[in-house]
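This briefing sets out selected features of the structure shown below. Please read it alongside the sequence and the 3D view.

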Amino acid sequence: MASSTFSVNTGSSTSADPSGTYGPAWGLAAARLPRVAARRMRGCTRPGRLARLDRILLLREAELIGRIDGEFRDAPLVDVGVGEWPWTTIETAHSLRAFAPSLRVIGVELDPDRLRHARRFEEPGLEFRRGGFELPLGAAERPRVVRALNLLRGYSETEARAAHAMLSAALLPGGLLIEGTSSPSGGVLCVHLLRKRGARLAREGLLFSTDFSQGFAPVLFRDRLPRDLRRRSEPGSAMHGFFEAWTQAFAAARSTGLCENAALFALSAQLLASRVPGIVGDAALHATGALLWQPPGGVPSPGDLGP
Ligand SMILES: C[S@@+](CC[C@H](N)C(=O)[O-])C[C@H]1O[C@@H](n2cnc3c(N)ncnc32)[C@H](O)[C@@H]1O
């Protein structure tokens, strides 16, 4: 995997900013952030991969997606790491703009060839810009959501944490950084929901979702944990404690005689909620094969010990 330099201030390659200048929207604050050298990586993606995440976003974050007060009026959703072809960014734009027609979606991609492919699909409300973790936004552009799916797997754990800080630097208060990993089809995914609270980025929730195409057992999600937690589910760790509790809840659900995956998932989620604080009791979410964990003290950080 070849490294390239990080700074890709490519204002001239895009037409959307009236000032024509792109770069860190948060000048001084952004300048103090740790830097991560961007990496060239494979751009594998496919249509439909993130469609369930789009639906969950509408289910849980409709207010954030639809807000038009104050600075939110023009606040975009920024999708970082578009991929070889921009299918998932286009699908997200269509799905969210059907609900919030004035929402702007900006796809960001480091690779010039991939950017060229993507720009053929620009349309009103959807544009693509060249850039990296230091988002190519104008000084007045502050996103409501930044999504980075299947982007950080090629980076180290430390780089992933630094990338969180960079990707979230321009978010509006209350805005969301969605970062995580999915299987190639998108059938299994696990994402961080990181919320901008004042100057802080709160590790608000961890979202697990499956379409049951690989059956279901909690362990399915272990290999899809976001980059900073992926190697952090060893015995004794907080993530290990979480998976142990879910596995026990799953075993208890199976012992009732249930065998249909969706029903087992929903019952295991319900049982888990009685053992682990912060399991969101949203039946509509569970019915779609999704579980949201919002631990009162925040999602464990790498190295946090279990109970
Ligand atoms: C595996 S694709 C993910 C595509 C899509 N998001 C998905 O989930 O299917 C990752 C893309 O991220 C791009 N990429 C890697 N590092 C990046 C960075 N620092 N900033 C922007 N894009 C980056 C790569 O060029 C690649 O096209």
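The chain contains 9 helices and 8 strands, where helices (H or I, at least four residues) and strands (E, at least two) are DSSP runs numbered from the N terminus. The model is predicted: local features need pLDDT of at least 70, side-chain atom pairs count only at pLDDT 80 or more, and totals for chains, interfaces and linings use all residues. Residues are numbered from 1 along each chain as its sequence is written.

**Overall composition**

- Of the 307 residues in the chain, 44% are buried; a residue is buried if 20 or more other C-beta atoms lie within 10 Å of its own, exposed if 12 or fewer, and partly exposed in between, with C-beta atoms placed from the backbone.
- Among contacts between residues at least 6 apart in sequence, 68% join residues at least 24 apart; two residues are in contact if their C-beta atoms, placed from the backbone, lie within 7 Å.

**Strand β6 and its partners**

- Strand β6 (residues 188-197) is largely enclosed by the rest of the structure, because 9 of its 10 residues are buried.
- Strand β5 (residues 176-182) runs antiparallel to β6 and is joined to it by 7 bridges; two strands pair if DSSP finds at least two bridges between them.
- Within this pairing, Leu176 stands opposite Arg195 in β6.
- The hairpin of β5 and β6 has 5 residues between the strands, and Gly186 takes a positive phi near 90° there.
- Strand β7 (residues 200-210) is also antiparallel to β6, with 10 bridges joining the two.
- Leu189 has Ser209 in β7 as its bridge partner.
- The hairpin of β6 and β7 has 2 residues between the strands, and Gly198 in the turn has a positive phi of about 60°.

**Packing of helices α2 and α4**

- Two packed helices are described by the angle between their axes and the distance between the axes.
- The axes of helix α2 (residues 51-60) and helix α4 (residues 87-99) come within 9 Å and cross at roughly 25°; axes are lines fitted to C-alpha atoms, for helices over the stretch in contact, and angles run from 0 to 180 degrees between N-to-C directions.
- That angle makes α2 roughly parallel to α4, since angles under 35 degrees count as roughly parallel, over 145 as roughly antiparallel, 65 to 115 as roughly perpendicular and the rest as oblique.
- On the α2 side, Ala51, Asp54 and Leu58 meet Glu91, Thr92, Ser95, Leu96 and Phe99 in α4.
- The residues of this contact of α2 with α4 divide into 4 nonpolar, 2 polar and 2 charged; Ala, Val, Leu, Ile, Met, Phe, Trp, Tyr, Cys and Pro count as nonpolar, Asp, Glu, Lys and Arg as charged, and the others, Gly among them, as polar.

- Asn150, a residue other than glycine, has a positive phi near 60°.
- Asn150 is found in the loop between β4 (145-149) and α6 (157-168), and it counts as buried because it has 25 C-beta neighbours inside 10 Å.
- Phe212, a residue other than glycine, has a positive phi near 70°.
- Phe212 is found in the loop between β7 and α7 (238-254), and it is partly exposed, with 15 other C-beta atoms within 10 Å.

**Arg116**

- Arg116 is placed in helix α5 (residues 112-119) and counts as partly exposed, with 13 C-beta neighbours inside 10 Å.
- Arg116 and Phe128 are 12 residues apart in sequence and 8.9 Å apart in space, C-alpha to C-alpha.
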